[in-house]
Structures are given as C-alpha cells and as structure tokens.
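Please look over the sequence and the model below before reading on.

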Amino acid sequence: MKKKLVEVALPLEAINAAAVREKSIRHGHPSTLHLYWARRPLAACRAVLFAQLVDDPSSHPDKFPTEEAVATERKRLFQIIEDLVKWENTTNEEVLERARVEIRASCGSDMPPVYDPFSGGGSIPLEAQRLGLPAYGSDLNPVAVTIGKAMVELPRKFQDLGPVHSGIKEKQFYRYSEGLVEDLDHYSNWMREKALDRIGKFYPKGRLPAKLGGGKAKVVAWIWARTVPSPDPAFADVQVPLVSSFLVGAKKGKEVWLEPVVDKVAKTIRYNVHNGGTEQEWETAKEGTKAGRGNFRCIISGGAIPASYIKSMGRSGKMGMQLLATVVEGNRGRIFLEPDQEQERAAFSEQLAQVANECRDTFLNGPTPSKMTGGTCYAYGLDEWGKLFTDRQLAGLDTYCQLINEVKTHIETDALKAGLPDDQLGLEQGGCGATAYAEAVCTYLGLAISRLADISNALCVWSSSANQAVHLFGRQAIPMVWSFAETSLFSGMAGDFQTSLSSIRKSLLRFTPAADGFCVQHDAQSVKFPSGAVISTDPPYYDNIAYADLSDFFYPWMRRSLKAVYPSIYEFLATPKSEELVAASYRHGGKDEAENFFLDGMTKAISGMAQNASHEFPSTIYYAFKQSEIQEEGISSTGWATFLSAVIYSGYSIVGTWPVRTERDTGLKVGKNVLANSVVLVCRKRTSVAEVVTRAEFIRTLKRELPPAIEELQAASVSPADMPQSAIGPGMGVFSRYKAVLEADDSPMTVKTALQLINAELDEFLNDLHGEFDADTRFAATWFEQHGYDSGDYGAADNLARARGIAVESVKHAGIVDSSAGKVRILKRVEMEEDWDPATDDHPTIWEGCQHLIRVMESDGEYAAAVLLKKIGGDKAEAVKDLAYYLYDVCSSKRQDAKEATHYNALISGWTELTRLAATIHDTDMKRQSAMDL
C-alpha cells in the first residue's frame, strides 16, 4: 500500500499562515455566502486533500532511490502546496491544474470521490470539487445542507449558463456562475422595488435640523433602548431605559454622545444629541445606566434595578423599547438625530404590529435556547424567536419571504423564453430546466433573506467605534443586548437586502467547480457512502458548539422562503436536535449520559467511514478543541479522550496528527504560545491481524518509535505549544495498531491512559535534551527550572555547578548569571551583553545563543536574528532550537510561567523563516551588518 504525503510530511508553516490569513478575508470568501459555525479554512482543506491523494516519494523507490532524491521530490510537492494554499490562487486555474496533474498521477484518470458526512459549512466538498474530485457532503442540519447545495451543487448544475432575465445582458459570453449572478442582481432589484412599494412608508427619512441645512436624509439605523417600569412606586408608570452606554460615536474628533433629560414632574425622559464635548463627558456617557453585571440604575429615581427585577419584567411582557437616536447618512458621514414623533409613529404602527404578531403566532413561535455556552437571552423574556425582532423588522423580512414565491414565477417564465427545457422538474426531482433554474436563483435569494435576519434583529449592537450596527452572531451565542440598532431595509448599506445579497454574489463569482458536487440531508450514523470514497471530514466536537440551537435562528426564515423549493429538507418546524452528535448535558440528562451519547453515536458514524473508506487512501478527520480544555485538563482531556476512543473503537489506526491554526492571532496572542485550533487526524483501516499486547510491550514500543517521530516534528519546526497535540499522532499510531493493550489485571487500556503515557514519553524526550547541552547551559537550565529569574543561595549553585564539572565562576564568565553577596541569579535577556557575537566570544554557550536570538528577533526583527543564527551556525543552531523546546516545557508545565514560555514558542514558530533567511546571507552581508552595528 502506497504511503500518501499526508502520512509523512506537510509544509505546515505555509498551510497555517494561509489558514490564519484567510480568516481576515471577507469579500468573495465562501463563508460570506451564509453564516455557519466552525468552518475549516479553505487553505487547510485544499492542502490536506491534495496530500491525502498524492503519493509520498518514499512510496516509489524505483523513481527516488536515495534519501536525497526523496527529499528533493518532497520539496517539489511542498512548493505546489505552498502555491495552492495562497488566497490569491483560489481561482488560479494554472495553479489548480498543477495540483490536479499530481493527483491524477497518483490516482489514475478516474478521480476518486471525496465524501464528508459532517459537511457543515461545506469547506471540504468545495475544495475537493475545486481539485477536480467528485464531491459528496451530507449533514443532519437543514441550514448546513442548504448552504452546501448553494456551494457545490447549484454552481456546477448551471455552470457557464447565461442569464435568463429579459433586460439588457451585461456580457456576450458567461463563465462559471456569472450568468446566475447577473440574474440575482436583476431579480433582487425587482424584489426590492416591490418591497419598497409595500412597506416603504414605514421607513421615513430623517429630518435634518436647520443648523445642518434642513431637509431630509436617508436613515441608516435607529438606536433603541430596552425599558422596564421603574421599580420605584412613585414612578411605576414610567418606562426607564436600560443602556450600556450613551456614547454612540467614539471616532477621534467625531465623538457623539446622548444626554438623557429627565423631567420628574412630567415623568418624561428625552434625549439630546451632543457632538464633541470633554473627555469627562464621554466617560460619563460610556457608563450609561448600567451598574454592574446585569444590574442597572433607575434614571428617574436614582434607585437600583437588579437583574432579577429585569428578568421578571421581561418574562411578564413588561419590557419595552424607547428610541434614543436616529442615524442618517449626511454629506460628510453619519449624523445622529434626536428622537421625533414621525420616526416613533412609523416604528409603532398598528399595521406593522398586526403583521408582526401574525409571524410570532405562526412560524416564529418556537422557543429560543434556554441554555447555551456563551449566553442566551431566554431568561429575559425573549423566549420565542419572534420576540428577537421589532415589529418593523418582522414585517420587512416577511415581505421579502413572500416575494420569493412571486419572483419564482417571473424567473421560470423568463427561463422558458430564454430556451431552458420545460421539464417542470424542481431541484429535488433532479430537474435542470426552467423550473429548477428558477428554484436555484430563489435559493440564493432565500439565503440573502436569512443573512439579512442576522443584521436585522433586536440583538444587534451599535458600534460606536465603527459607527455602524454589528450583526448578532459575532460569537456562538444569542446574548442579551440592552440598547440595540435597528437597521433600515432601504438604506443601501448594512441591513439592506441588496447589501446582504452582494456578499453572496461575490462568493458565487469565486466558485470554479471542476467536478460534480452533491449535498444531502442525512445523519452521519446511517448515511450510505459513495463506493470507494476518500473520507475527509470535520465532525462536531464534543460539547463545543450547539449547531442546531443556533441554526434555529435562521431555519424559520429559510423554511418560510424555501420550503416550496426543498420540501423534504424543510419538512419539520425546527432543526433536528435529538440525533445531533453533540455532548449537550441539558439534552441527555447529565454529563455522563451526554458523554455516552456522543461516544456511541460518533463511534457508529466513524465505523461507517472506516468500513466504507477506500483502502488506497488514508482518511482525515479534523478535531477542533477549546484552548481552556487543554489548559485545564492537559492533553488527556475528556474531549480528546472521548473523541479518539470513538475513532479507535471504529476500526481506525491513527497514523499521524497535524496541528492546523484556524483562527487569527490577535492582540497579545500574536506569535505567542497559543495552541493550534484544530488537529487533523490521519487514519488508516486497522488490519484484521492486529495483535493484543501488554502495557509493558506498549511502553517499550512507544519508547522506541516516539523519539524519532518527535525529532521529525522538531525538524518541521512544529511549535512547542503544538508539540503535545502533534506527538499524539505517532503515539496513538502505536496504540491504535493493536487490537488491545492489556493492563496488569488484563483489562484493556483506555485511550485516556494511553494519552497520559504518550505525554510522559514526550516529557522524558524533552528532559533528555538537557543532557546534550554544554555544562554551562545545563547548569543554567536546571537553575532556571528551580528559581526562574529569582536569586538563590550561592552554596546551592556551587553544588549544582560542581555536579556538572564546572564552577559558578565559569557560568558567570560566560555572561549567563550574576553572582554577588552570596546569591546567584540568571541574567534576564535585557541584562545580557547587547553586542554579543559568538564568533568573538571566548566562552560561547547554547544558553547565550538562545537568549540572544530571542532578544535580537524581538528588538531588531527577523533579518538581524537570521544574521545571528548564521553566526551561531550548524550543530549549535540545532542545539539552540532544542533548548527552546526544553525551556518552553519548563515554563509551561513546571514553572507555570506562560509569559516567559511565549518567547520560546515564538522563536520556534519563526525558525523556518529564520533558517531560510540565514541561508541567503553571505559572509559579506554579515561583515556589512557588523560594520553597521559598530
């Protein structure tokens, strides 16, 4: 059986850099088609699929008979991957075709199908299709399935088709989805005009004051405050605002804040808008009426409004809303207007209320989640989906939903006139004529309405720094919001139907399918797999994300607009939950029951993969975890152990693990000891002749095979923070190759125990590195482990030095420690010799090399550090790298010094780039650098 590249090596740094960068890209990224949670980066999926299908050069000794030849060929394949993962090359046919040529060379002319039974946001099927592989995806969640169809099915089905609308065509020839996009523009304009005719009167323009020139301006948003009756009996008939901040514009030089004006006699509260002001006024405005977590103060009586009171008012239907300001678009930017009666009358229209209540009583009467990681608004009376929207928002969204059915008739009529077949078959019946095309266009229009709901609800905050409304799902939660922004459906900006659709059209233009794609609704435990499929999947992780609960926010809107298109997908009133493979204790009666449910279901699902997967290719499974889990429980955490148990019990042997960064490092995290966010497990079917071994035999094999595997990971510059996850691959490869590992009492060893033993062997390996350093470095490393940068007794230091055959004076002469007044301490990097040069130092040590390299990289940048690395040179440079691994382990696991650990992690993370730069530096460059330093 030929080994594939993913089983041996990956250009991990290039993949991770591309995956992280991708998180900052919005325009044209498939994630902007529609929100879905925990999508894998396209770059990582593309790279892993390529490496999963392409042979490793070591599998062809006839072509590559020497280690040098293998390394050269592997380097060539790495270059293809490095080009492939760049965002700029996502639609670059030349780059993509180079990758397809390599896949065909390894797989033959018949490209194998790729299947993802947990397709979610669709990244894996999309990238398989881009690489020319037939792509299959399935998911239990109807929202995910609709997104999947819009990504991999519909663009391929109607590829290269021109638009069917009856207006003037923009182009003569159309490629990929260009015609579909032009139709989306045409028919969405028709819908917007119809919606404006029907509900435009409820979106009045704002009246500018005389000092701003008078006249009217287009409304961007209304800023509202939730209110409750004052708890003071004297003012019980007054609705008082719950406001987190009265500062509505925080851009420097353009500060805007609201001043509440209270009339206790008239029992009224109004708001004045102020531009500019003093810093003290801004700070006061920032405080709003909040008085701590969930607590507020009554603006009219000065008394406290406890969270318990607010919750009771919400549950009893006594929570209201009050207009704070209207935001309009002026000639020179956003203008904040004080509330006026015209704007309030429009929002509280009886006609709007009638439509909204009908929505709340019918398709939006389902319960919001009462429990959710990250927070939920349920406790405050927002316990049904319809209560998350204002009357105007509901009427607007529902108007667009109704227009979907009307526009579908127009599209079908135009499609017939344009010459599409009149087969009268919809998408679910496999149609490809006028009816199916009209349904395809409506699918994207329906997604646009669903996207619109994310920015058009009463849980969107107003960002004072960005001067705009922020969509609800900034995180995986439905949190309570006190003051919120209601965007205008006809502003031409965020919150407008056309703006929502523009993200979809940009995504569609980047879909370049090179093979067929299919996405169906099915649970992963009983789905039928395509014959000989290559498995690559990203299953739900343990209890991290409540996909179904979150999806229920979008599901009613999708069902309202697309049920006629996909009747089988939108058969039920809410998304399926009882079968969802998430360890939610609130669903299953407790933590243990939830864990058992997850383990049983995931084992069954992965067993199906193992049984049906192709023998020729390894399977890849993405595992996403929480930082806190590893930090609190270690590498043998419950989530890890439970998930790996499911994989192994399913009949897989784990032959590799690759840490993949799927989130952008921000702020203090950049370059620090942040764990990778996902690990890709590389699995092969376990052979039927697997043997049973004892614990002792397992440990002996582990000691023999794990150290060289760790050395390979170090050679690939896997960061110290990611090393424990990476070492799981070769470690579990040993454990999972056996039918069972028996403990002393003949009971089978658990995965959790195996993980602990693997981690112990990793610690031992890192400790063994200590013995290979020079004596001064060994002294410094041990002293640092015991004291850090604090002082210790000279006598203890002397004993430690003598045990290593040196004296304290030797370490002091090396410039590593300070010794005075009977005390010894390690010098901090900033205290060490600033112009240290290993070439002129008569007593150079590995310790100095490591610390100076960190200092120079952080103060002078990578090039200067590369010059120093060149001077350190050869074997000593590798020893510096080993010391960084060792000291990271000391800081993170023994001294619990996360801040110091970040320096060593950053050095390793940048090692590949440093060595690359060092290789380009000549002796003349170093002399020039030295002259500049002088």
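## Terms and basis

Helices (H or I, at least four residues) and strands (E, at least two) are DSSP runs, numbered from the N terminus. This is a predicted model, in which local features need pLDDT of at least 70 and side-chain atom pairs count only at pLDDT 80 or more, while totals for chains, interfaces and linings use all residues. Residues are numbered from 1 along each chain as its sequence is written, and side-chain values use heavy atoms, with hydrogens and water left out.

## The chain as a whole

The secondary structure of the protein chain comes to 32 helices and 26 strands. Its radius of gyration, 31 Å, is close to the 30 Å that the globule rule gives for 934 residues, so the chain is as compact as a globular protein of that length; here the radius is taken over C-alpha atoms, and the rule is 2.2 Å times the number of residues to the power 0.38. Along its principal axes, the C-alpha trace spans about 90 × 70 × 65 Å.

Of the 934 residues, 58% count as buried, a word that means under 20% relative accessible area, with exposed meaning over 50% and partly exposed in between (1.4 Å probe, protein chains only). Contact means heavy atoms within 4.5 Å, and among contacts between residues at least 6 apart in sequence, 73% join residues at least 24 apart. The chain has 103 positive and 122 negative side chains, and the centres of the two sets lie 5 Å apart. In that count Lys and Arg are positive and Asp and Glu negative, while His and the chain ends are not counted, and the place of a charge is taken as NZ of Lys, CZ of Arg, CG of Asp or CD of Glu.

## Helix H30 and its cover

Helix H30 covers residues 898-909, and at 1.5 Å a residue its 12 residues should span 16 Å, which agrees with the 16 Å between its end C-alpha atoms; the expected span is 1.5 Å times one less than the number of residues. Nine of the 12 residues of H30 are buried, so this helix is largely enclosed by the rest of the structure. Among the buried residues of H30 are Glu-900, His-903, Tyr-904 and Leu-907. What covers them includes helix H24 (775-787), helix H27 (846-860), helix H29 (874-894) and helix H31 (911-920).

Buried residues in H24 include Phe-779, Trp-783 and Phe-784, and the helix is followed by Gly-788, whose phi is positive, near 65 degrees. In helix H28 (residues 862-872), the buried residues include Ala-864, Val-867, Leu-868 and Ile-872. H28 is followed by Gly-873, whose phi is positive, near 70 degrees.

## Two loop residues with positive phi

Which residue has a positive phi of about 60 degrees although it is not a glycine? That residue is Ala-38, which lies in the loop between helix H1 (12-22) and helix H2 (42-53) and, at 24% relative accessibility, counts as partly exposed.

Lys-267 is another residue other than glycine with a positive phi, near 55 degrees. Lys-267 lies in the loop between strand E8 (256-263) and strand E9 (268-275), and its 33% relative accessibility makes it partly exposed.

Is Tyr-187 buried or exposed? Tyr-187, which has its place in helix H7 (residues 178-199), counts as buried at 2% relative accessibility. Not counting residues up to four places away in sequence, Tyr-187 touches Val-164, His-165, Val-407, His-410, Ile-411, Asp-414 and Val-441.

Val-54, in the loop between H2 and helix H3 (67-84), is also buried, at 2% relative accessibility. Leaving aside its neighbours within four places in sequence, Val-54 is in contact with Lys-4, Leu-5, Leu-77, Glu-102, Ile-103 and Ser-106. Glu-82 has its place in helix H3 and counts as partly exposed at 28% relative accessibility. With neighbours within four places in sequence left aside, Glu-82 is in contact with Pro-11 and Ala-14, and the C-alpha atoms of Glu-82 and Ala-18, which are 64 residues apart in sequence, are 8.7 Å apart in space.
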